[in-house]
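Opening the notebook on this one.

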Protein chains: 4
Amino acid sequence: MIVILKPNSGDKEIEQVISSLKHYDLNFNISKGSHTTIIGLVGDTAKVDSEKLETNPVVEKIMIVSEPFKKANRKFHPEPTVIDINGRKIGGKEIAVIAGPCSVETKEQIISVAKAVKKSGAMFLRGGAFKPRTSPYSFQGLEAEGLELLKLAQEETGLPIVTEIMSPRHLEIFEQNVDVIQIGARNMQNFDLLKEVGRTKKPILLKRGLSSTIEEWLMAAEYIMAGGNNNVILCERGIRTFETYTRNTLDISAIPAVKRLSHLPVIVDPSHATGLSRMVEPLAKAAIAAGADGIIIEVHNNPEAALCDGPQSITPAQFDGLMKKLGKYAELEGRTL
Amino acid sequence: MIVILKPNSGDKEIEQVISSLKHYDLNFNISKGSHTTIIGLVGDTAKVDSEKLETNPVVEKIMIVSEPFKKANRKFHPEPTVIDINGRKIGGKEIAVIAGPCSVETKEQIISVAKAVKKSGAMFLRGGAFKPRTSPYSFQGLEAEGLELLKLAQEETGLPIVTEIMSPRHLEIFEQNVDVIQIGARNMQNFDLLKEVGRTKKPILLKRGLSSTIEEWLMAAEYIMAGGNNNVILCERGIRTFETYTRNTLDISAIPAVKRLSHLPVIVDPSHATGLSRMVEPLAKAAIAAGADGIIIEVHNNPEAALCDGPQSITPAQFDGLMKKLGKYAELEGRTL
Amino acid sequence: MIVILKPNSGDKEIEQVISSLKHYDLNFNISKGSHTTIIGLVGDTAKVDSEKLETNPVVEKIMIVSEPFKKANRKFHPEPTVIDINGRKIGGKEIAVIAGPCSVETKEQIISVAKAVKKSGAMFLRGGAFKPRTSPYSFQGLEAEGLELLKLAQEETGLPIVTEIMSPRHLEIFEQNVDVIQIGARNMQNFDLLKEVGRTKKPILLKRGLSSTIEEWLMAAEYIMAGGNNNVILCERGIRTFETYTRNTLDISAIPAVKRLSHLPVIVDPSHATGLSRMVEPLAKAAIAAGADGIIIEVHNNPEAALCDGPQSITPAQFDGLMKKLGKYAELEGRTL
Amino acid sequence: MIVILKPNSGDKEIEQVISSLKHYDLNFNISKGSHTTIIGLVGDTAKVDSEKLETNPVVEKIMIVSEPFKKANRKFHPEPTVIDINGRKIGGKEIAVIAGPCSVETKEQIISVAKAVKKSGAMFLRGGAFKPRTSPYSFQGLEAEGLELLKLAQEETGLPIVTEIMSPRHLEIFEQNVDVIQIGARNMQNFDLLKEVGRTKKPILLKRGLSSTIEEWLMAAEYIMAGGNNNVILCERGIRTFETYTRNTLDISAIPAVKRLSHLPVIVDPSHATGLSRMVEPLAKAAIAAGADGIIIEVHNNPEAALCDGPQSITPAQFDGLMKKLGKYAELEGRTL
């Protein structure tokens, strides 16, 4: 941590800063420039309250040198984390494919989609039971009944279930029924929910917030890991930009960025990234080319009749064609799919 | 709602769209241009599922003409809403001032700040008990104990309490202890929490999300109102922009915008808007000049020792000076403070 | 174009709008809803001044249905444009590779880089002579001398030259010495410069502005084409977002978006997109997987000693390895490189 | 400047960095932490090429401590700059008001607006002759003829003229005819134009770019000042955000921020900030309350017939009413208007 003093600070001001930090076990490096004096703090600066330090009237500003995340940090955990879900792995050589409808609608729908995506090679089934919708008047999901239907689809196909939690009140039924618990983009900084899922051992699929930086995203992962749950899968799903042609903008460079900053696996959601089914294919290919550990894709047997997110869903037939193409991209990356 | 058909659409495509909407009670206006055919839907289009319509393969895109919020909409409720909290009003002629520390820290601290801000003219006491922090390693608030201390401060001063809720699990103790329940910026689209507070009658202070549009913010208010709670106070607290000199950017034009779109009162948080105590004064003045119904300000007896948000807190003495100045701005606006 | 009238408008207001538009050759479709009346304009609405219309006191707002760009619009020019530069094509089956240093520094440097990139398969040589720098105190390029050195490199290798123009005053020497004239991101809306290059027949490489929408970018292309120069190559080079880990964020979905909206070729600059040499490879692969017609890459014989943009430049040896890998991605897309 | 070394760097790496900087006159402060080694550079670091340093393979990243602008920096010029334009001052006690139409349209129009705004107390006349328009098909201004008409209006009223330059080719006629040369938001980083106006002595009104940071804006001012022209007036005119209700978002906190970072005067354009005439009043008041040195307002005798920007223009009568109100806000700030 670097402390920059206000202009014209002298020994007295330096002394004041150092003395305010004396209860930490730190060393100090003083640099006096012609216009600026800076103090470098050496030691375990993670414990220093930078906000408090910034309030010191002699301090101009603080610069943080080290990343604020520890458990998610690759520096302290150089090996990539591979997460095991009923024997299926995310983060290893195989590229994980999660597919299914935006919402669980009926038993027939979810089972037929589950069978179809399994046949085409999907490793996991996704499907929304509790739905985060911008409008209170939109379909909010089948809720508990949706979880039941997902469970039936799992029994039928063996595919592990990925679905979103929206409230700590539902944690118990999620722990019983779900294989991977998803935290949606809008809840990425719902810290209470992060703490709650941190107390379980279930794998957590943590979507990046709509306007979050990578650092904030990794700090959200850190919340879960600080609670004792290291099974975090990061999911880039597009960020908000000024572009209106697509609903969001896929941050393709977040993939290599996260792989370098963290040991956690990172997957990509090309369906939500743009909201346009015709863009799923080019973005899914690009995601694999850029090093993603997996993709999560919305597949609906009848997108036109879907209760939500129809415009971004592809059909089982399109998904089947896509999987064949993606296999070749995985191969070029030395991976399987 | 306007439906724009794909290029080269003809009567068959028009017929298909109309027939897909026949179960709604709508009229249709067809405009055939040289390159573009559009269908105008007339009637209660709020019920039409625009996403589903957009999936129709003959549809190029949908344009929404009406605002998606109803209960929060000034069109259907032309009179401004005035919210009454223990006899004190927000949204009327008087500009409401809410003041207090970022976090409740000790009994002495909260009582002394409460007394000071009351003396200077504050109408409400703010103070965080449950704190949303970016890092799991930062001080998370005194939690339930913080609510107790706020209650003591209220008994001592009579000031109603404004404090943030972070989980639906705490709703009961908030209903018992708190006068205005705050929903923080990071939970603006925590739809589960919005629904829960919508079931109470407590006034809700709804902060605008960090990167939310005004429409999304009003839709969050709509969630609360759809549950039956019309006591919503909107709070502009700065949005995320590319500027790094200030923590956020106060969207001063949101004040007149919200006043026109909605009947709900809107207040401004100049402390969080920039994160810099020296900017509280110019922004508080600007907020009143732009028509805000109130301001919420962080005041700490010893900002340098504050457990959070010290850099943006002002002292009771500064607050007292500020109140004197603001009174004159309120007067120019034909209001009191 | 859709005109939405203010609430409670009636026949008088409708009449007023229509009469204000009677000098255009238009038809009108009126939709009267319970709360909203809208007028659809049918005909050549491109000539209607929407801003003026918006000032009409009975008008609430205007919605533009058709894209405002004509010559760049794929609707009116369904075939993709292939641009021929001394017999080398951009926009056809072959993926164009443009490579070279950020700045031309010395004769030896530019000739050695040109030879190296040519050997590895580059089709064009890039190199900055006039440099747009954020600071007036940074190296501003060799200017006219840089163009001379590029010309020498071209004589030596036969590679056509791509370099940036910064002022209309230099247009004449660019026309004489350069094969493709680049308009940089910061000049994307330097309308005077766009008009000037629109008067030439030289191919123009038009970079997307840092915070521009795709529509604004295509409108900048339209400026050039409106002047009579249809040889426009679009270049996505990353947009500004809140992410700070990378300098910009590559908008990978802009590639399929532009291919659909326009017939112009679109290439990608993975070097400027992130500012990090280690990200050039994953993003170049992703660009090809997403359908780009070419890539432009910074290659420097000694990045550590580069006078600008060293952190994002790769070495000739790295470039050679990259080209081998990219060839396989091009093949999967049914293209050559 | 702070140099952070890659993890696991030792004395050899430290030595390498220091030796690469030995041709500068610097001192070095070394801080070895458990995971991070940093080197503080002390001395005139403005000359150090940070980009080059960042390319050094042992360097992880660079942090810049000092502001990169010198001549615009308040640290080195504590007194506020007051700019004198024919005896009228910007930056002093009086708040400067610049008013006039978006575009000069006819002799009658500009003279009548000039007379009206003068009567209401405006100090300067604005009016566009060369217009930056997003579409090549929109009205581009009367160009040279527009300058002639402005000159006539000046002769008639004595008001100094403020108008925008779009090309270095027009500099000579601007120097002859114009009192304050405006650089528009889209040209804020048109470095060639900045250099050209830096060679004159004319006051320059420099608008902030649509998505520029304050630092980039001050660096654009630095370009002009580095050329020898210290007469720079900064103009905040709204930045691009996700909000669509207003065209841009006025960054009201930029006013106190710029006043602290720089000695240059800063004015506000409430007309372009939102694009809505009904928001001019609240934002103009807020600008003065936040400490602006002036405002620039679009006034048109007949906004409905304006050739551009009608929706944001107010009438002379509205302007007159506004001026009366603003006078009271100026008074509260201890200023005149």
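**Chain C against chain A**

I started with this pair: 31 residues of chain C are in contact with 31 residues of chain A. Contact here means that the C-beta atoms of two residues, placed from the backbone, lie within 7 Å. Before going on I noted that this is a predicted model, where local features need pLDDT of at least 70, side-chain atom pairs count only at pLDDT 80 or more, and totals for chains, interfaces and linings use all residues. Residues are numbered from 1 along each chain as its sequence is written, and chains are lettered from A and ligands numbered from 1 in the order in which they are written.

Which elements give two or more residues to the side of chain C that touches chain A? I found helix H8 (254–261), helix H9 (270–274), helix H10 (280–289) and helix H11 (316–332) of chain C. H10(C) gives the most, with five residues. Helices and strands are DSSP runs numbered from the N terminus (helices H or I, at least four residues; strands E, at least two).

I sorted this side of chain C by class and got 18 nonpolar, nine polar and four charged residues. Ala, Val, Leu, Ile, Met, Phe, Trp, Tyr, Cys and Pro count as nonpolar, Asp, Glu, Lys and Arg as charged, and the others, Gly among them, as polar.

Next I looked up how the two copies are related. A rotation of 180° with 0.0 Å of shift along its axis superposes chain C on chain A, at an RMSD of 0.0 Å. That is why I wrote down a two-fold axis. The superposition is by least squares on the C-alpha atoms of residues with pLDDT of at least 70 in both copies. Of the residues of chain C, Ala286(C) comes closest to the rotation axis, its C-alpha at 2.0 Å. The same surface serves both copies, as 100% of the contact residues of chain C recur in chain A.

**Chain D against chain C**

This contact takes 36 residues from chain D and 37 residues from chain C. On the side of chain D that touches chain C, the elements giving two or more residues are helix H2 (50–55), helix H6 (191–198) and helix H7 (214–226) of chain D. H7(D) gives the most, with five residues. By class I have 15 nonpolar, 10 polar and 11 charged residues on this side of chain D.

**Sheet in chain B**

Four strands form an open sheet in chain B, in the order S2-S3-S1-S4, with antiparallel pairing. Strands pair if DSSP finds at least two bridges between them. Strand S2 (26–32) and strand S4 (59–63) of chain B are the edge strands, each pairing on one side only. I read an average twist of 20° from one strand to the next.

Strand S1 (residues 2–5) of chain B pairs with S4(B) over four bridges, in the antiparallel sense. Which residue is the bridge partner of Ile4(B) in S4(B)? I found Lys61(B) there.

Helix H1 (residues 11–20) of chain B lies across S1, S2, strand S3 (37–43) and S4 of chain B, and runs at about 25° to S3(B). Axes are lines fitted to C-alpha atoms, for helices over the stretch in contact, and angles run from 0 to 180 degrees between N-to-C directions.

**Loop residues**

Most residues other than glycine have a negative phi. Asn86(C) is not a glycine, yet has a positive phi of about 50°. I located Asn86(C) in the loop between strand S5 (83–85) and strand S6 (88–90) of chain C. Is Asn86(C) buried or partly exposed? Asn86(C) is partly exposed, with 13 other C-beta atoms within 10 Å. The cut-offs: buried is 20 or more other C-beta atoms within 10 Å of its own, exposed is 12 or fewer, partly exposed is in between, with C-beta atoms placed from the backbone.

Glu143(D), also not a glycine, has a positive phi of about 55°. Glu143(D) sits in the loop between strand S8 (124–126) and helix H4 (144–157) of chain D, and counts as partly exposed with 15 C-beta neighbours inside 10 Å.
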